[in-house]
Amino acid sequence: MTEELKAKLKGLCCVEVSGESCANCLTLMPLLDKLVGAREDIKLVHVEADYSTTALMEEWDVAKVPTILLMNDGEIFARCTGFQPEEILELWLDAKIEEFKSSK
């Protein structure tokens with residue numbers, strides 16, 4: 001993991017892992033941008049799954065795209081794989097973030 005990525009992963013993050021030729025990934029990104037952008041407690045980080053990030057994908061156990069990871073200081077606490085409709089994604093984000101915060 002690069003120092004630049006480590007810096008981006010400080011605090012509460014929603015990490016969107018996608019591939020450039022993935023139609024579901026391209027559809028998901030604007031939805032996540034909207035949902036995460038409406039919140040002040042989390043930031044969105046995009047990571048492209050390609051040959052340069054193979055080791056990172058293995059470390060994060062990402063087998064397919066799109067994958068959404070919720071992290072705190074680089075530690076994964078929730079994951080969602082595949083395209084999800086906006087309503088489901090919003091409910092999932094709210095529930096997982098609330099669950100994480102209440103466990104602290």
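Residues are numbered from 1 along each chain as its sequence is written, and side-chain values use heavy atoms, with hydrogens and water left out. Because the model is predicted, local features need pLDDT of at least 70 and side-chain atom pairs count only at pLDDT 80 or more, whereas totals for chains, interfaces and linings use all residues.

Select residues 23-37, helix α2, where a helix is a DSSP run of H or I with at least four residues and a strand a run of E with at least two, numbered from the N terminus. Its 15 residues should span 21 Å at 1.5 Å a residue, and the 22 Å between its end C-alpha atoms agrees with this; the expected span is 1.5 Å times one less than the number of residues. Next pick out Cys-25, Leu-28, Leu-31, Leu-32, Leu-35 and Val-36, which are buried in α2 (buried is under 20% relative accessible area, exposed over 50%, partly exposed in between, with a 1.4 Å probe and protein chains only).

Within helix α4, go to Lys-101, which counts as partly exposed because its relative accessibility is 38%. Leaving aside neighbours within four places in sequence, Lys-101 is in contact with Leu-12 and Asp-41, contact meaning heavy atoms within 4.5 Å. A C-alpha distance drawn from Lys-101 to Glu-75, 26 residues apart along the chain, reads 14 Å.
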